[in-house]
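Hi,

Here is the structure I promised to pass on. Please have a look, and find my notes below.

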Amino acid sequence: MVNEMRDSDEIELDRFDRAILAALGAEARMSIADLAPKVGLSSTACARRLKALEEQGTIRGYHAALDHQRLGLAATVLVRIRLDSQREEAFAAFEAAVARCASVIRCYFMSGYDDYELIVLCRDIADFEHIHKTHLARLPHVARIQSGFALRVVIDRGLPAALIALAIR
């Protein structure tokens with residue numbers, strides 16, 4: 001079962017916890033009745049472990065994999081941003097503002113030359129130009145923006161079972 005936290009981010013997972021995570025990673029809509037025998041537990045024990053994984057934050061939620069192309073969002077743009085300052089106040093202001101940009105579906109704080117990498121979804125090049133002018137270029141402390149359009153998806157997967165197997169023991 002999920003053990004006490006070693007530090008603020010790491011937990012100990014046993015083979016049952018890892019099996020639950022792998023099974024739900026493949027099919028998040030699985031019922032407890034279907035999940036329990038897959039991981040070798042009773043329904044009660046499986047439900048208790050699942051609740052513990054949710055409460056301590058290992059499972060942050062359950063999501064539908066939406067096809068953004070069918071929703072009219074055919075372009076994925078990777079945007080690298082360099083700020084004009086490396087002060088904590090500049091990072092905090094940028095992060096608060098970028099969180100309000102609906103087209104930004106992911107934002108990473110990066111090592112290296114660029115400070116952030118964003119994943120932006122939009123309809124097309126004209127839509128991205130609008131997002132660039134009205135949102136990205138107006139974010140606080142932005143010194144440089146560099147973008148590239150993804151041509152196609154090569155890999156799009158959740159956390160593979162092989163990595164879950166390597167999780168903290």
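Arginine 49 counts as buried, at 10% relative accessibility (buried is under 20% relative accessible area, exposed over 50%, partly exposed in between, with a 1.4 Å probe and protein chains only). Its side chain meets that of aspartate 17 in a salt bridge, 3.1 Å from N to O (a side-chain nitrogen of Lys or Arg within 4 Å of a carboxyl oxygen of Asp or Glu). Arginine 49 lies in helix H3 and aspartate 17 in helix H1, so the pair ties together parts 32 residues apart in sequence. Aspartate 17 is buried too, with a relative accessible area of 0%. Asp14, Asp17 and Arg49 are linked in a network of salt bridges.

A word on the source: this is a predicted model, where local features need pLDDT of at least 70 and side-chain atom pairs count only at pLDDT 80 or more, while totals for chains, interfaces and linings use all residues. Residues are numbered from 1 along each chain as its sequence is written, and side-chain values use heavy atoms, leaving out hydrogens and water.

Two further salt bridges may interest you. Arginine 80 pairs with aspartate 114, their closest N and O atoms being 3.3 Å apart. Arginine 80 lies in strand E1 and aspartate 114 in the loop between E2 and E3, so this pair ties together parts 34 residues apart in sequence. Arginine 80 is partly exposed at 31% relative accessibility, whereas aspartate 114 is buried at 12%. Lysine 133 forms a salt bridge with glutamate 129, with 3.0 Å between the closest N and O atoms. In total, the structure holds 10 salt bridges.

Best wishes

Conventions. Helix = DSSP H or I, 4+ residues; strand = E, 2+ residues; numbered from the N terminus.
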